[in-house]
Amino acid sequence: MTQPPHPSRCASHLLPRGEKDGIDRRALLAAPLAVGTLAGCDRLAVAEPTPPTVPPLKSIAPFPIGTAVMAGHFDDPAWVALARAQVNQLTPEWEMKMEYILQSLDRLTFDAPDRIAAACEREGVRLHGHALIWYSQGEQAFSGFDRTHFGRAFDRYIAEVAGRYRGKLVSWDVVNEPIAEDGNGLRDSHWSRNLGDDGYMIRAFEQAKLADPEAVLFVNDYNLENNPVKGTTFLRTVERLLKAGAPIGGLGTQSHLDIEIPAGQISRFMRDLGSFGLPVHMSELDASLRRERGGDFRSRAQRLEQQRARVVELAEAFMALPERQRFAFTIWGLRDSDSWLRRDNRDDGKDQPLLFDDAGRAKPLTAAVAEVFGRG
Ligand code: XIL
């Protein structure tokens with residue numbers, strides 16, 4: 001089980017590399033500009049524009065502001081200070097998932113999620129549980145069961161995990177990413193093959209409701225704004241599950257935004273999502289400046305403007321929901337350097353997908369979002 005690198009990792013790839021300690025001091029001393037790197041990686045950047053003065057997001061937003069957290073973040077004073085200032089809800093980024101907890105079916109590991117839950121209680125912030133059932137996890141641990149024992153193990157896992165955090169969290173992503181990647185139908189998974197396409201989802205919500213009757217139970221997915229076909233399939237799936245009696249209490253749209261989508265696409269989906277009258281969690285916002293498809297000739301200024309326009313559209317669409325439906329607005333990390341996108345092997349160390357820069361300073365994007373939230 002590999003953990004993501006410690007979130008406070010500095011962008012040391014900027015230093016000249018040598019044999020001994022990885023730093024070529026001759027090259028370093030020959031490059032006066034680089035001397036600044038001994039004091040801190042962020043000083044290599046060209047002169048930064050003055051960070052905008054932005055009031056804390058949690059103090060101006062008329063709904064909870066969340067971010068993703070890993071237990072290691074609590075050992076990073078800079079992260080703790082920024083989180084205390086800006087957010088009032090946390091989502092475990094990976095340590096409350098099956099891949100962490102379920103080391104084997106007879107041994108569940110709770111050290112990290114317990115630490116996160118305790119920190120939320122100590123700090124007086126809400127905890128959103130993520131995620132009980134996800135297509136991408138648990139296949140090995142659940143392999144070898146016949147259908148009856150598979151169902152019992154499924155129920156037992158949800159009862160143990162959701163039961164453990166009953167009263168310590170406000171909500172769960174009960175089913176994460178059930179829609180097929182291209183948006184055509186549902187994902188095929190070991191869950192659907194053993195318990196039925198809709199069956200595993202209905203069962204998961206029913207078991208979670210039994211384990212924690214007070215938690216708001218979400219179904220959560222991504223690319224719903226980016227891909228209208230997937231968005232529509234998600235909405236139809238929600239409608240079908242609700243009709244089947246699944247106790248779905250909330251709808252999560254991850255909003256890992258493609259900043260090149262047409263204007264209006266986000267607003268239209270958010271309006272449709274809100275039509276169910278359920279709480280909506282904008283659950284994992286990031287807006288990468290990278291183009292996965294390659295051949296990117298946009299200037300940085302063009303990409304930053306596209307990012308601003310789409311993130312503002314998302315914030316405005318969320319604000320347009322009825323107050324009782326605005327569950328939380330969660331950014332998938334605090335500082336750009338905390339982003340999972342910066343731990344991706346395609347990353348060039350320059351992506352700025354989040355609301356605060358590598359040093360935790362506000363950006364023009366932060367000010368743009370704060371302006372929308374401040375409209376009250
Ligand atoms: C990602 C985390 O950010 C990574 O640290 C982890 O290695 C993989 O999962 N949708 C989700 C999240 O629901 O759980 C994923 O988080 C990102 C996509």
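The shell around the ligand, in this predicted model, is made up of four nonpolar, four polar and five charged residues. Here Ala, Val, Leu, Ile, Met, Phe, Trp, Tyr, Cys and Pro count as nonpolar, Asp, Glu, Lys and Arg as charged, and the others, Gly among them, as polar. Of the 13 residues around the ligand, E93, K97, H130, E177 and E284 come nearest, a residue being near a molecule if one of its heavy atoms lies within 4 Å of it. Local features were taken at pLDDT of at least 70 and side-chain atom pairs only at pLDDT 80 or more, whereas totals for chains, interfaces and linings use all residues. Residues are numbered from 1 along each chain as its sequence is written, and side-chain values use heavy atoms, with hydrogens and water left out.

A polar side-chain atom of E284 is 2.8 Å from an oxygen atom of the ligand, and an N or O atom in the side chain of N176 is 2.9 Å from an oxygen atom of the ligand. In the side chain of E177, an N or O atom lies 2.8 Å from a nitrogen atom of the ligand. The ligand taken alone exposes 410 Å², of which the protein buries 84%; accessible areas come from the Shrake-Rupley method with a 1.4 Å probe.

The ligand sits in the second largest pocket, in that more than half of its atoms lie within 2 Å of the grid points of the pocket. A pocket is an open set of points on a 1 Å grid over the protein atoms alone, where a 1.4 Å probe fits, with protein on both sides within 12 Å along at least five of seven lines; lining residues have an atom within 4 Å of a point. The space in this pocket is about 1,100 Å³, counted as that filled by probe spheres set on the points. Its lining comprises 44 residues, with H256, W340, L341, D344 and R346 nearest the centre. By class, the lining holds 14 nonpolar, twelve polar and 18 charged residues. At least two lining residues each come from α5 (98–101), β3 (102–104), β5 (126–134), β9 (256–257) and β10 (280–287), where helices (H or I, at least four residues) and strands (E, at least two) are DSSP runs numbered from the N terminus.

H130 and A131 are joined by a cis peptide bond, with omega about 0 degrees, and A131 is found in strand β5.

How values were computed. Polar contact = N/O pair within 3.5 Å; in protein donor to acceptor, adjacent residues only side chain to side chain.
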